[in-house]
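The sequence and structure come first.

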Amino acid sequence: MGVVSDFFLARRLRRGPTLLLPYAPDPTTVLETVRLHDPQAGPYGRGFRIGANVELRGPVELTPELAARAGLPAGWGAAFVAHNIDGEAGGDFARPSLLVRGLAERLGGREHPECQEPPEDLAEVTGGRILPVDELIGLLADDVPGLAVTAVTSTGTTLLAGAESPIEVFVNEWDADDVTYELSANSGYGTDVPATARRAALAIAARAGGVARDHNGFLITD
């Protein structure tokens, strides 16, 4: 690797969002995991293309010299860096960070720079039918006890919350064929709450016929 290309690569790794892995990854496994975020993702250049405007470049071997130059923590063996292919094209510029964060959770890695704030939005179910409120509350009673209707807005959003529940459920009924269930943190929470939200989202998706995704936009599979 030349001095100039090494300099630009180190700068890109430093700025991120960068996925750090402690091992040399299997490209097939990485692609299968990426496709939980975007089923149409595929090979592109030196990595993968996600959606219309995101590239995940790598894997890059992290030598001690490159890691030090990029300001990365020591002890990581490989990296991927995500970025918008066309910075002038518009679109969802949050996606590279969400992509890297989700891959880190699934592949045993770490996001750089590391996000310090836990997400408030935990899971989402789209594409399903509307469930009666009583049925929804009963469905979630084991994982999310104490839910009750707290508010109903003029735009068709029903908020289910409870003093004992760490999770709030927003039911957005846009029309008869367009319903979204959003599961969010009610307050500060421990490590078990995101897993609870994922279980609840899967239960809703199974009953309503929708698709469950986590806070990073990855399909929830278990």
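## Salt bridges

Arg-110 is partly exposed at a relative accessible area of 27%, where buried means under 20%, exposed over 50% and partly exposed in between (1.4 Å probe, protein chains only). The model is predicted: local features need pLDDT of at least 70, side-chain atom pairs count only at pLDDT 80 or more, and totals for chains, interfaces and linings use all residues. Residues are numbered from 1 along each chain as its sequence is written, and side-chain values use heavy atoms, leaving out hydrogens and water.

Six salt bridges are present, each a side-chain nitrogen of Lys or Arg within 4 Å of a carboxyl oxygen of Asp or Glu. One of them joins Arg-110 to Glu-114 at 3.4 Å, N to O; Glu-114 is partly exposed at 44%. Another pairs Arg-57 with Glu-55, with the closest N and O atoms 3.4 Å apart. Glu-55 is buried at 4%, whereas Arg-57 is partly exposed at 26%.

## A link between helices

Glu-135 and Arg-207 form a salt bridge at 2.9 Å, N to O. Glu-135 lies in helix H5 (residues 133-139) and Arg-207 in helix H6 (residues 192-208), so the pair ties together parts 72 residues apart in sequence. Helices here are DSSP runs of H or I with at least four residues, and strands are E runs of at least two, numbered from the N terminus.

## Negative patch

Glu-117, Glu-120, Asp-121 and Glu-124 gather in a surface patch of negative charge. Patch residues have over 30% relative accessible area and no salt bridge, like charges being joined within 9 Å. Glu-117 sits in the loop between strand S6 (110-112) and strand S7 (121-128) and is exposed at 62%.

Key. Patch = residues over 30% accessible without salt bridge, like charges linked within 9 Å, V, L, I, M, F, W, Y side chains within 5 Å. Areas by Shrake-Rupley, 256 points an atom, 1.4 Å probe, with all protein chains shown as cover. Lys, Arg positive; Asp, Glu negative; His and termini not counted. Charge placed at Lys NZ, Arg CZ, Asp CG, Glu CD.
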